[in-house]
Amino acid sequence: MKEILQRISDLEAAVQQLQQHQSATAPRPVSASRLLLELGIPDSLKGHGYLLEAIALSVREPSIKYAVCTELYPQVAKAAGTTASKAERCMRNAIEVAFDRADLHVLYRYFGNTVSREKGKPPVSEFVARCAAILRDEA
């Protein structure tokens, strides 16, 4: 009986070490820019900058995700000196690039089961809200 208890204890210790190792080997980005780059959105896209602004707004004011068309897009556009429709289109394009080019494992790490090739890319509001939540969780 002591041997069985010892083996269980050893297994629990091994599982705990494995979990610590996995969390240590999968560092999470500390900034919105690094997160977007890891997700496959190059900083050469206009949408990258617009998404950075949208994520920053969403981190500061989480309720903005419920007013994407009336609040988020106009504020991003105003900060960038463009129109809301152009900002929204550039953000959609950047997200599409990410979901076409990015490593599926990276997308699953951040978006979980909401990601699949069949479902396609998430809407801008969902993408921004998830990125903001990731950054808030890290802070």
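Which residues is leucine 72 in contact with, leaving aside its neighbours within four places in sequence? I looked this up first. Leucine 72 is in contact with Ala54, Leu57, Ile64, Ala67 and Val128. Contact here means heavy atoms within 4.5 Å.

**Ground rules.** I am working on a predicted model, where local features need pLDDT of at least 70, side-chain atom pairs count only at pLDDT 80 or more, and totals for chains, interfaces and linings use all residues. Residues are numbered from 1 along each chain as its sequence is written, and side-chain values use heavy atoms, with hydrogens and water left out.

Buried is under 20% relative accessible area, exposed is over 50%, and partly exposed is in between, with a 1.4 Å probe and protein chains only. This core has 34 residues, and Leu39, Leu51, Leu72, Val76, Met91 and Phe127 touch the most other members. Two or more residues each come from α2 (32-38), α3 (46-60), α4 (68-80), α5 (84-101), α6 (104-111) and α7 (124-138). I noted that α5 gives the largest share, 7 residues. Helices are DSSP runs (H or I, at least four residues), numbered from the N terminus.

**Helix α6.** I listed its buried residues: Val106, Leu107, Tyr110 and Phe111. Seen down the axis of α6, they fall within an arc of 105°, so they line one face of the helix. The arc is taken from the directions from the helix axis to the C-beta atoms. These buried residues pack against α2, α5 and α7. Just after α6, glycine 112 has a positive phi of about 60°.

**α3 against α5.** I checked the packing angle: about 105°, with the axes 8 Å apart. That makes α3 roughly perpendicular to α5 (65 to 115 degrees counts as such). Axes are lines fitted to C-alpha atoms, for helices over the stretch in contact, and angles run from 0 to 180 degrees between N-to-C directions. From α3, the contact uses Lys46, Gly47, His48, Tyr50, Leu51 and Ala54; from α5, Lys86, Ala87, Cys90, Met91, Ala94 and Ile95. By class I read 8 nonpolar, 2 polar and 2 charged residues.

**Proline 42.** I found proline 42 in the loop between α2 and α3. Proline 42 counts as partly exposed, because its relative accessibility is 25%. Leaving aside neighbours within four places in sequence, proline 42 is in contact with Leu37, His48, Val97 and Arg101. Proline 42 and alanine 94 lie 52 residues apart in sequence and 8.2 Å apart in space, C-alpha to C-alpha.

Notes
A nonpolar core is a set of buried Ala, Val, Leu, Ile, Met, Phe, Trp, Tyr and Cys residues joined through side-chain atoms within 4.5 Å. Angles under 35 degrees count as roughly parallel, over 145 as roughly antiparallel, 65 to 115 as roughly perpendicular and the rest as oblique. Ala, Val, Leu, Ile, Met, Phe, Trp, Tyr, Cys and Pro count as nonpolar, Asp, Glu, Lys and Arg as charged, and the others, Gly among them, as polar.
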